[in-house]
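Try each task before reading its solution.

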Amino acid sequence: MSNLLNIGASGLNAAQVALTTVGNNISNVNTAGYSRQTVVQTESIAQSAGKYTIGSGVDIQSVQRAYSDFLTTALWTANSGMQGATTTNNLATTLNSSLSASGNLQGALDSFYGGFSTVANTPGVASSRQSLLGSASQMVTVFNTLGQQLAAQQSQVNAQVKTTVDSINTVASNLAAINTKIHEAGTNVPNDLLDQRDNLVQSLSGYIGVSAYTQSDGTISVYASTGQALVSGNKSFALQTANNQYDASRTEVLDSTGNVVSGKISGGTLGSLLNYRTNVLDGVQNQLGQAAVALSTSVNTQQAKGLDLNGNQGGAMFSVPTPAVLASNLNKGTASASASITDASQLTGSDYVLSYDGSKWNLATTAGQNVPMTANADGTYSAAGMTLSLSGTAQAGDTFQIQPTRQASTGLKLAMTDPNGIAAAAALNAKAATANTGTGSISAVTVTDPTNASLLSGATVSFPSGSTYQVTNSAGTVLASGSYAPGQSISANGWSVTPSGTPAAGDKFSIGANSNGLNDTSNALALAGLADTKVLNGGTQSVIDAYGTLTTTIGTVGSQASSNVTTQTSLYNQAMSAQQSVSGVNLDEEAASMVKYQQAYQASAQVISAAQTIFSSLISAIRTG
Amino acid sequence: MRLSTSWMYQQSLNTMINQQTALAATQNEVSTGNRINVASDDPAGAGQVVSLNHVIAANTQYSSTISSATTRLNTEASTLTSVNSVLDTARTLALQAVNGTLSDSDRKSIASQLSQIHDQLLQLSNTTDSNGNALFAGTSTTKTPFQVGANGSVTYGGNDAQQRSAVGSGLQVATSDPGSGLFMNIPNGNGSFQASAGGANTGTLVVGSNSVTDLAALNSTKAASGGGYTITFGAGGAWTATDANGNAVKDSSGNPVGGTYSDGGSISFNGMTISMSGTPATGDTVSVGTGGQQDIFSTLNTMISALQSGASDTQLTNVMSRQIESIDQSQSAISSVQVSIGGRLDTLQQQQGAYQDLNVTYQSALSDVKGADAYTAISNLSLQSTALQASQQVFAQVKSMSLFNYLK
C-alpha cells in the first residue's frame, strides 16, 4: 500500500520538476545565451518480492542543458569574424562618407590649375590673379579637411583600441570569477553558471579572436589569437595599452608581460581596429599627403622658374611640413635625426624605420623591407626621395621612425598672400643683337636650375664663328664655350637655350631677366600644365591621377568591408541557427512538454488517490467487519 | 531540425532589416539619380568619375581659353584692319604727291592730312584690350608701348614676344603680335633692297619700282660685299656700280657691271632690277642698300617734312616713292599678320568644335559610369518593396502560430 503511495509521490515529484524545468525554459525563451534544459528521469531500483519484482517509481537523475561543444565553439569563431567585419565596415563607411563629404578634391584641383590658365588668358588682370589665390586657398582647405577627417579617424581608432582592451579585461576577469564559482561547485555545476561562462566567452570572442578549452572541472581557459592566455582557471591576464615608442598619439596593445603585440592580434573588434589602422588608415593618410607634397613641390619649383609681377623670381606658393622623424623612446644614444624632401616623385606611401646597428645606419620600411641609402659627401644620406641628416651619437639599437607624408595633407598651407607673387612670366628672355646677320633666333630661355644664384644676372651668348659658341657674363668672364652645331642647346647659370636657324659669325644674343615682359604668361601656362604632369610615384601619376587612385583605394576598402560584413554575418547566422537548433527554446515543444507533464502529474495524483481509496476501503471494511 | 522560437523571430527580423537596407539604397539611387554616391558603391567607377570629371574640367577650361583668345585675336584683327585702311589713305595721299604737279597749298594740305594720319596711327598702335592692356606691346606691361620722343620720333617700349594661350594639351596659340614687327621694323624698299636717288642729284632721274630677279645672285653678292652699292651716272646715261669700299661691282664672270641707261629703262645687276625714269645728270647717283629698316611713323614724318621742305618735284617724287615702298612693306607686314591671325582663329574654331563634341562624349561616359539606370533602379525599387511587404506578412502570420493558442 505504502508502496503505491511512494510510487505516486515519485511520479508527482518527477512531473513537478519537469514542469518547473519547462516553465524555466519558457521564461528564458528570449534570454541570450540560455541553453534549453531537460529533465533526465530513470526508473527507481525495483524491490524484489520473492517470486516477482515490482517497480518502485521514478527517479530524477539530473536536469541537463542542451549543449554542443562543437557548435558553440563554431559560434564563437563566427562571432569574432562578424564583430571584426562590422568594426571594419563601420570605419570604412565613415572613411567613404568623409571622402565624399570633404569637398571634391578633383574639382578643387582643376579649378586651381584652371586658375593659371585664366591668368594666362588675361595677362595683367589683377582679378584673375586674385581668384587664382582664392581657388588655391579653397583647394588647400579641401586637402586640410580631408587630412583632418583621416586624423580624426586615427584618434577615434586609438580611443577605440583603449576601450576595447578595457572591455576585454573586464570580461576576462568576470570569466575568471565564474571559473572560480564553477570550480567551487564541484561535480554538481549549476547550468546557469555554465551558460554564463559560455556567454562571457562569446562576448570575449567579439572583442578579440580567441580559442577556448574546457577543463575537466568545467572551468574554461581562453587564449587570445596571439597565443597569450587571457583566462586560465581563476586567473585572468590583462592586456595593457601604451603609447607607441615613436608616436605618442598612437595606442599600442601590450600583453600582460609588457610586450607589444599589436601586430599579432587578429579577429574581433580589436584585431580589426589594429589591422585597419595599419593597413588602411596609415596608407590612405600617406597617399593623400604624398599628393599634397607633390602638388606643393611641383608648383613651387615651377614658380621659381618664372618672374612675378614685381619682377622678382617667383616665390613659394605652398608650404608643407617636412617629414616627421620620430625618435624611439627606447633610444639610449643622443642622436637626433631630421629629414627633408628632395624629390617628391620618389616618395612612396610607406613609413620608414631608421636604425643604428652599432656601426652603420640602416633604413627599412615599417613592413621590414630594406631600403638602400646613399651616403652623401656632407654626411647626410639620400633615400626614397628624402635627405636624412643625423647628428649626435647613436647607440646600437637606437631607432627613428620617418613618416614622410603623414602630416602633409593637414599641414599644407597657402604661403602666398600677394596676387602679384604669381610668377606668370618666364624668368628670362633672349634678345638678338640688332647687328646680327645670321638667321639664328632664340625664342625661349628654359630655366633648368631655379636655385642658381646667378640665374637672373644676365649673360651674352655669342658665336665667334658659325661653329663655336661662347657665353660670357656682364664682367666678360666666359661661363661656357664650345663647338656649336645647329639644334644644339647651350646652357649656363641654370638656364639653357636652343637657338633655331643658323647664327652667323659674330652674332650675339643677350640673355637677361624678362623684366620688360611681365605680362608674359609662358610660366603660367607651364603651371597650368602641371595639372597633367606626372609628378608622383616615379613620374607615373599626376596629382589628380593620385586622387583618382586614392578614391579607388578607399572605395575598394569600403566595398570589400561591406561584402565581408555580409559574408561574416551570414556565417554567424548559420552558426547561430545551428547552435540554437540544439540549445534554443522552442515554445511549441515546451507547450507539448507542459501538456505531457501536466497529464503525468494528474495521473500520479490519481495513483495517490487510488492508494488512498484502497486504504480507506480496507479501514472501513475492518470497522464495519 | 529544431527551431528556436526566439531565433526564428530574430531571423525574420534580420531578413526584414536587410530588405529595408537594400530598399533604402535603391531609394537613394533613384532620388539622387546617381549609382555612385560614395566611392565604395563602385570603387573602379569612382576612380573613373575622377578622371572623367578632370578631362571635362580641362575641356571646359580650354573652351573658355579659346573664347578669350578668340576675343583677343578678333580685337587685334579689327584694329589691324583699321590700321590698314589708314595706311591706304596715306598711300593715296602720297601717290597724289607723286603724280602731277602740286601747288604749295596742296602740299601743305596733304602734309597736314598725313600728320593727322600719323596721330591716328599712333593711337591705333596703342590700342588696348578690354582689360586695359596694350594690344601691340608684346608681353610687356607697358600701357602705351608707342611713345613720341622730343624730336618727333616714336620709340617702342614693348618687347618682341608673343602672348600665348594653351588651347589643348601641348597646343598653344599666339594671341598677340608684337608692335615691333607691325609698326617698327619695316624693311626698306621692296623688302630685299632699296634703291634711292642721291640727295644731291641735279637731273630729273626718278627711281621707280625695283624687283629681285635672281634671289640667289642677290644673296651671294650681298654676303660677299655687304650689299651696299652706289650707281654713278656718266654722260649719256652710262652707269657704273661700286660697292661700299669703292670697288667696282663685278658680275659672276668677274667683269665689272655697267651699261647705258635710257629714260624709262632699267638697270640690272647681281639679281636686282631697278626701274627708273627721267634723265640723270652726269655725276648723279643712285644708292642701293639692303637690310635697312624704318618705322611707319618715320615714314609718315619723312613724307610730311618732304612736303613741307619746298623740294623740287623730282626730289619730292623720289622721296615719296621710297616712302610708298615703306607703306607697302608695312601693309604687307600687317596683312601677313592678318593671315596668320585668320589661321589662328581657324585653329581656335576647330578646337572649340572638337571640345564641344568631346564634351558630349565625356558627359555621356560620365553618366554611364555614375548615373543610375532609371529603369533598373525603379524596377528594383518595386521588387524590393514587394519583397519587404511579403516578409512583413509572413511575420504577421507566423506570430499567431503557437501551440499555446490552442491550449485552453
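**Exercise 1. Locate A:Ala384 in chain A, then decide whether A:Ala384 is buried or exposed.**

Step 1. In this predicted model, A:Ala384 sits in the loop that links strand E19 (381-383) to strand E20 (386-391) of chain A.

Step 2. Look at the backbone: phi of A:Ala384 is near 50 degrees, which is a positive value in a residue other than glycine.

Step 3. Count the neighbours. A residue is buried if 20 or more other C-beta atoms lie within 10 Å of its own. A:Ala384 has 22 C-beta neighbours inside 10 Å, so A:Ala384 counts as buried.

**Exercise 2. Repeat the analysis for A:Asn493: where does A:Asn493 lie, and what is its phi?**

Step 1. The loop to find in chain A is the one between strand E29 (490-492) and strand E30 (495-497); A:Asn493 lies there.

Step 2. Phi of A:Asn493 is near 50 degrees, again positive in a residue other than glycine.

Step 3. A:Asn493 has 22 C-beta neighbours inside 10 Å and therefore counts as buried.

**Exercise 3. Now turn to chain B and work out why B:Asp263 is classed as exposed.**

Step 1. Find B:Asp263 in the loop between strand E10 (258-260) and strand E11 (266-269) of chain B.

Step 2. Check what B:Asp263 touches. Leaving out residues up to four places away in sequence, the partners are B:Ser277, B:Gly278 and B:Thr279.

Step 3. For a sense of distance, take B:Ala134, which is 129 residues from B:Asp263 along the chain: their C-alpha atoms are separated by 49 Å.

**Exercise 4. Describe the overall dimensions of each chain, using the radius of gyration and the box along the principal axes.**

Step 1. Start with chain A. A compact globule of 625 residues would have a radius of gyration near 25 Å, but chain A has 41 Å.

Step 2. The C-alpha trace of chain A spans about 165 × 55 × 40 Å along its principal axes.

Step 3. Chain B also has 41 Å, whereas a compact globule of 408 residues would have a radius of gyration near 22 Å. Its C-alpha atoms fill a box of roughly 155 × 55 × 30 Å.

Step 4. Finish with burial. Buried residues make up 43% of chain A and 35% of chain B.

**Exercise 5. Find the largest nonpolar core and the contacts of A:Leu204.**

Step 1. The largest nonpolar core has 159 residues, and those with the most contacts inside it are A:Leu175, A:Leu204, A:Leu270 and A:Val543. Helix H4 (residues 126-185) of chain A gives the most to this core, with 18 residues.

Step 2. Beyond its neighbours within four places in sequence, A:Leu204 contacts residues including A:Ile168, A:Val171 and A:Leu175.

**Exercise 6. Which elements of chain A meet chain B?**

Step 1. Size the interface: 57 residues of chain A are in contact with 44 residues of chain B.

Step 2. On the chain A side, the elements that give two or more residues are helix H2 (69-101), helix H3 (105-121), helix H8 (522-529), helix H9 (543-583) and helix H10 (587-624). The largest share, 17 residues, comes from H9(A).

Step 3. By class, this side has 20 nonpolar, 33 polar and 4 charged residues.

Step 4. Note the confidence: the predictor gives the complex an ipTM of 0.82 and a pTM of 0.85.

Methods:
Residues are numbered from 1 along each chain as its sequence is written. Chains are lettered from A and ligands numbered from 1 in the order in which they are written. This is a predicted model: local features need pLDDT of at least 70, side-chain atom pairs count only at pLDDT 80 or more; totals for chains, interfaces and linings use all residues. Two residues are in contact if their C-beta atoms, placed from the backbone, lie within 7 Å. Helices (H or I, at least four residues) and strands (E, at least two) are DSSP runs, numbered from the N terminus. Ala, Val, Leu, Ile, Met, Phe, Trp, Tyr, Cys and Pro count as nonpolar, Asp, Glu, Lys and Arg as charged, and the others, Gly among them, as polar. A nonpolar core is a set of buried Ala, Val, Leu, Ile, Met, Phe, Trp, Tyr and Cys residues joined through C-beta atoms within 7 Å. A residue is buried if 20 or more other C-beta atoms lie within 10 Å of its own, exposed if 12 or fewer, and partly exposed in between; C-beta atoms are placed from the backbone. The radius of gyration is taken over C-alpha atoms; the globule rule is 2.2 Å times the number of residues to the power 0.38.
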